[in-house]
Amino acid sequence: MEIINSAREMTLYSEAARMRGARIGFVPTMGFLHEGHLSLMREARRRADVVIASVFVNPTQFGPNEDLAKYPRNFERDCAMMETVAVDAVYAPDAAEMYPPGAQTWVEVTELTRGLCGRSRPGHFRGVTTVVAKLFNITKPHLAFFGEKDFQQLRAIERMVADLNFDVEIVPMPIVREADGLAMSSRNAYLDPHERKQALALSRALMVAREKYLWDARTPADLAAAARAVLEQNEAVKIEYVEAVDAETLEAAVSLERPILLAIAARVGNTRLIDNIVLRASAVSRERLRA
Ligand code: AMP
């Protein structure tokens with residue numbers, strides 16, 4: 001596995017692969033890898049000839065009072081994990097390489113990033129889309145893999161790729177969970193054992209809302225209310241938002257007949273966690289389940 005730090009070298013590597021006719025699969029990450037990241041890399045391995053992963057804790061997507069300085073890092077362990085899924089090259093630039101002095105260009109997806117996490121993290125998605133645009137230009141992938149864990153991020157990147165004619169296929173990947181349901185996240189490392197138990201409220205809330213959806217929800221608001229009720233039973237869980245939105249537009253959902261994203265952001269202690277579920281059974285299958 002090659003470890004590459006400079007943008008120039010990374011691009012030369014990718015151009016050489018393209019010249020050979022190889023298909024490049026790319027998985028961008030902020031490191032401190034877990035099974036969720038590895039699932040993306042395995043799929044890249046399956047679908048591409050050359051697999052490139054990046055490890056970069058992107059400063060521009062963190063707000064001034066967020067956890068940039070203490071974001072967990074362990075590059076050696078990350079490399080060992082990436083070896084096990086046969087990643088070919090790791091792009092690991094430093095911040096000065098990505099943002100040289102004088103940089104002043106941003107990529108911003110407007111509407112899709114207004115609500116949900118965009119509301120509480122101003123500038124976050126602008127940082128994400130800018131760094132992903134740069135990473136695409138540097139690594140020149142044919143395919144790029146993103147987890148549905150960060151659903152709004154996935155939608156924003158799909159929009160950016162369509163709007164700016166990036167020649168890359170975005171492959172969405174399902175959320176990987178711990179055995180007890182907690183969505184895997186590098187930030188789970190912040191949780192102490194008590195908080196780790198409380199954090200289960202997020203996935204439990206989604207499961208309760210899913211039951212509601214299948215059996216007796218009348219409106220999207222019923223789903224959000226069901227999830228909220230579960231979260232509110234845990235005094236250590238501070239809700240940031242619980243929303244049922246249209247899974248395409250991320251606007252407030254108006255009907256149960258269209259795919260709905262039920263998304264949660266909450267703090268457990270000082271740790272901000274997100275989780276979501278897409279509910280997309282057709283009206284017919286909902287009727288059948290009820291029968
Ligand atoms: P991050 O390192 O948190 O920026 O995540 C890098 C990529 O891994 C993003 O596309 C995430 O959506 C994805 N990812 C993170 N956690 C999970 C998970 N539990 N299941 C699936 N994908 C994930």
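## Terms and model

A polar contact is a pair of N or O atoms within 3.5 Å. The model described here is predicted.

## Ligand surroundings

There are 16 residues around the ligand, and those that come nearest are Met 30, His 37, Asp 150, Val 176 and Met 184. The side chain of His 37 has an N or O atom 2.8 Å from an oxygen atom of the ligand.

For Met 30, the atom is a backbone N or O, 2.9 Å from a ligand oxygen.

## Two domains

The protein has two parts, domain 1 (2-173) and domain 2 (186-290). Taken over C-alpha atoms, their centres are 27 Å apart.

## The interface between the domains

The size of an interface is often given as the accessible area lost when the parts come together. Between domain 1 and domain 2 about 1,800 Å² is buried, with 55% of this on carbon and sulfur atoms. In contact here are 21 residues of domain 1 and 18 residues of domain 2.

Across this interface there are 3 salt bridges. Arg 155 forms a salt bridge with Glu 248, and their closest N and O atoms are 3.4 Å apart. Between the two domains, 10 residue pairs are in polar contact. On the side of domain 1 that touches domain 2, helix H5 (117-120) and helix H7 (151-163) each supply at least two residues. This side of domain 1 consists of 8 nonpolar, 5 polar and 8 charged residues.

How values were computed: Residues are numbered from 1 along each chain as its sequence is written. This is a predicted model: local features need pLDDT of at least 70, side-chain atom pairs count only at pLDDT 80 or more; totals for chains, interfaces and linings use all residues. Side-chain values use heavy atoms; hydrogens and water are left out. Domain bounds come from an automatic or database domain assignment. Contact means heavy atoms within 4.5 Å. Buried area is the accessible area (1.4 Å probe) that two parts lose on being put together, summed over both. A salt bridge is a side-chain nitrogen of Lys or Arg within 4 Å of a carboxyl oxygen of Asp or Glu. A polar contact is a pair of N or O atoms within 3.5 Å; within protein, one must be able to donate a hydrogen and the other to accept it, and residues adjacent in sequence count only if both atoms are side-chain atoms. Helices (H or I, at least four residues) and strands (E, at least two) are DSSP runs, numbered from the N terminus. Ala, Val, Leu, Ile, Met, Phe, Trp, Tyr, Cys and Pro count as nonpolar, Asp, Glu, Lys and Arg as charged, and the others, Gly among them, as polar. A residue is near a molecule or strand if one of its heavy atoms lies within 4 Å of it.
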